[in-house]
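Please look over the structure shown here before reading the notes on its packing. The notes are grouped by topic.

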Amino acid sequence: MLIISILSLIFLLYTCYFAPARGAAEVLTERTEVSPPSVTPSPSPTNTPSPKPIIYANVLIDPGHGGDDYGAEVESPSINEKILNMTIASRLYELLRRDSEKVRVSMTRYGETTVSRPRRVEIANETADFFISIHCNTSESSLARGISTYFQTHEGVDKPFTSEELAEVIQRTTVESTGARDRGIQYDAELYLLNHTTTPTALIEVGYLTNPEELQLLLDDDYVDLLAEGLRKGILEMADRVIASHK
Ligand SMILES: [Zn+2]
């Protein structure tokens, strides 16, 4: 009798303390078999994160002149402005292609094609959050040197910044990067591109072909890198403002 009672007690204890644990293990096993540990949880209205919108700034770079239009020319050595503009713009384009989380960069021309000024304006107004035109300057004085940036105002156009602000930033970052003489920003009522764009636009004259020392710098790859890096910094600063205005 005592033996039967002890066996009953052992059975009771086993049922109370061990059986449920085995039951849970069985349930777990069943669940595991039915639906394996999911890497991608099944969507439900409460746990599906809404996809983050991809925000970046569309930047248009204009290598001034090109094709039939040579721009400014000097004879000794024989240099065309269109070639220098393209060299600087291409280097800048190459750098900005690596900043794809902030900018989508395109150019008005990629080779020696002739692109009319109205067409450049059209591309800028249709596609760009802001527009940078790259040129080289000339002067009757061989002493003239340095960087200047031109702008117009575009009142009434709903943009995160004005052309003047764009010109200020591009001028500052490019002068800082190159150490060139700072000729400042200038309002210009005549330049065609500035007259017809409705997106913030700055036209930068990166140096003087007529100054022998500055011309040598403009022909130097390391100096072109400094120019491109300075332009890039300014462009990224303004891209941040475009992105912030969309948030
Ligand atoms: Zn030019």
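Predicted model: local features only at pLDDT ≥ 70, side-chain atom pairs only at ≥ 80, totals over all residues.

**Nonpolar core**
- The largest nonpolar core has 48 residues, and those touching the most other members are V59, I88 and I132.
- Helix α8, residues 221-245, gives the most to this core, with eight residues.
- V59 touches L96, V103, V105, A128, D129, F130, I235 and A239, when residues up to four places away in sequence are not counted.

**Helix α4**
- Helix α4 spans residues 117-127, and its buried residues are R120, V121 and A124.
- Viewed down the helix axis, the buried residues of α4 fall within an arc of 100°, so they line one face of the helix.
- Exposed residues P118, R119 and E126 are carried on the face of α4 turned away from its buried side.

**Helices α5 and α8**
- Helix α5 (residues 163-178) and α8 have axes that come within 8 Å and cross at roughly 145°.
- The crossing in which α5 passes α8 is right-handed.
- On the α5 side, the residues in this contact are L166, V169, I170, T173, T174, E176, S177 and T178.
- On the α8 side, they meet Y223, L226, L227, E229, G230, L231, K233, G234, E237 and M238.
- Sorted by class, the contact of α5 with α8 has eight nonpolar, six polar and four charged residues.

**H65**
- H65 sits in the loop between β1 and β2, the latter being residues 73-74.
- The phi angle of H65 is near 65°, which is a positive value in a residue other than glycine.
- Is H65 buried or exposed? H65 is buried, because 24 other C-beta atoms lie within 10 Å and the cut-off for a buried residue is 20 or more.

**L84**
- L84 belongs to helix α3, residues 81-96.
- L84 counts as buried because it has 25 C-beta neighbours inside 10 Å.
- Which residues is L84 in contact with, leaving aside neighbours within four places in sequence? They are I79, C136 and L218.
- L84 and L218 are 134 residues apart along the chain, and their C-alpha atoms are separated by 7.4 Å.

Notes
Residues numbered from 1 in each chain as written. Core = buried A, V, L, I, M, F, W, Y, C linked by C-beta atoms within 7 Å. Buried ≥ 20, exposed ≤ 12 C-beta atoms within 10 Å, placed from the backbone. Helix = DSSP H or I, 4+ residues; strand = E, 2+ residues; numbered from the N terminus. Contact = placed C-beta atoms within 7 Å. Arc of directions from axis to C-beta. Axes fitted to C-alpha atoms, helices over the stretch in contact; angles between N-to-C directions. Left-handed = near helix turned anticlockwise from the far one by under 90°. Nonpolar A, V, L, I, M, F, W, Y, C, P; charged D, E, K, R; others polar.
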